[in-house]
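The sequence and structure are shown first.

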Amino acid sequence: MAEIKKEFYNQAKNAKEYRHDWWSLDDDELYQHLLPLVQYIRQKQTYRQTANIRHARLYNNMDMLGSFGSSQGRSAAENLSGQKISLNVVSAVVDTLSSKIAKTKPRTVYLTEEGAWEQQQRAMKLQRFMEGWRQAQNEYEKKQMAFVDSGVFGTGLNKYYKDTKKKEVCSERVLVDEIDVDDAEAIYGQPRSLYQSRYVSRDILKSLYPELSDKLDAATAGAAQDMTNTRSSDMVIVVEAWHLPTGYGENNGRHVLACDSCTLFSEVWKHEWFPFSKLVYKPRLTGWFGMGAAECLMPIQVEINKTIRSIEKAHRLMATPRIYVANNSDVNLGHLNNDIGAIVKFTGTIPQESQGVAMPGQIYAYLENLWEKAFAQEGVSQLSASSQKPAGLNSGVAIRESQDIETERFQLLGQRYENSFIE
């Protein structure tokens, strides 16, 4: 595989040169401290970005260079002769779990407590409104993608924001590589500050903030020229940051958008939460980000890949049929062809055909065992992965009971998926 890119954009200087309490600064100097701080955090967390690329490679079965722009492509020219046999157990497990859990469409029900008839009608209308909103926003599809993200990267995110022009609340899927939190601050999973970095078209920024057009002309996409094709697009790196207030009712929280040339937007953030719905596949003991199935299955997937490479090489070298002709035999080699009923004239020793054994049976059993262990480790039945029912279960009651027993392994994961809708 090609070397994983570890830099994001301009290498930040010493973090002591920047103020960490950016939320207390004025707008005209805030951006000068916010972006270098985010760069510094990213440099300290290159291990996480490297791991995300590695896990995306395992799931997508492709040699990705990065998670932004043109870096998502393969590192080498694609050709049929360069393709290798692969048994992608990571993709099989994640897709099976997604089909079992994320296929459901949870509904939020609003109930009143000893409410009058008018209040009950209001709750009913609110429930209908939320159902219509989820359909209009394709919320279920976005949640399904977030579930896949949680299986691959450990954390899936959906962001909610208000569109002032459309006058409605909107939602979107967010890539986990766009999000940064300080490791020390998030050791208990509850950071006070959260940052989102994203490439945005310069024209869109100018249309949203026409009064800052001159300053936006000076904005750059950082030093990540290898991550965006500057000849075909004009992108600017924008950082959106939130800092939670110190307590309920306090007005010392902050929500800002900034690029490297100016502060685009700033407001007081009074909420004690970030505008994200987070879904983790498996919570870690410490930290804000979760652990995905790709990380759990990586050792088995690597061993499967090594075993397949050995089998593939052995078949190519050892299992090719050969015809042995003795040196003292007088054989017309031109008669050795693929014709049916061909007559081969010879004098002396008869030519012998040999079909070698590529690999002993233990190797194929070992490969099959690795595949089974990967599913067993994550609690997924291979029958579910192949859409087959267990042998001997013919009644509907027995099949449903079997599915319920298997689903208990994912009870907590299913609850986290449902809670993401409530959140």
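In this report, contact means heavy atoms within 4.5 Å. The model is predicted, so local features need pLDDT of at least 70 and side-chain atom pairs count only at pLDDT 80 or more, whereas totals for chains, interfaces and linings use all residues. Residues are numbered from 1 along each chain as its sequence is written, and side-chain values use heavy atoms, with hydrogens and water left out.

**Overall fold**

The secondary structure comprises 12 helices and 12 strands. Helices (H or I, at least four residues) and strands (E, at least two) are DSSP runs, numbered from the N terminus. Of the 423 residues in the protein, 40% are buried. Buried denotes under 20% relative accessible area, exposed over 50%, and partly exposed in between (1.4 Å probe, protein chains only). The protein exposes about 24,900 Å², of which carbon and sulfur atoms supply 52%; accessible areas come from the Shrake-Rupley method with a 1.4 Å probe, and for residues only the protein chains shown count as cover. Among contacts with a separation of 6 or more, 69% join residues 24 or more positions apart.

| Residue | Location | Relative accessible area |
|---|---|---|
| F421 | helix α12 (residues 411-422) | 7% |
| Y110 | loop between α3 (89-101) and α4 (117-136) | 30% |

F421 counts as buried because its relative accessible area is 7%. Leaving aside residues up to four places away in sequence, F421 touches P106, T108, R134, Y140 and K143. F421 and E139 lie 282 residues apart in sequence, and their C-alpha atoms are 9.2 Å apart in space.

Y110, by contrast, is partly exposed. Together with L126 and F129, Y110 makes a nonpolar surface patch of about 280 Å². Patches are made of residues with over 30% relative accessible area and no salt bridge; like charges are joined within 9 Å, and nonpolar side chains (Val, Leu, Ile, Met, Phe, Trp, Tyr) within 5 Å. A salt bridge is a side-chain nitrogen of Lys or Arg within 4 Å of a carboxyl oxygen of Asp or Glu.

**Helix α2**

Helix α2 (residues 46-60) has 15 residues and should span 21 Å at 1.5 Å a residue; its end C-alpha atoms are 21 Å apart, which agrees. The expected span is 1.5 Å times one less than the number of residues. α2 is mostly covered, with 11 of its 15 residues buried, including R48, N52, H55 and Y59. The cover over the buried residues of α2 includes α1 (27-44), α3, α5 (139-153), β3 (179-180) and α8 (293-318). Just after α2, N61 adopts a positive phi of about 55 degrees.
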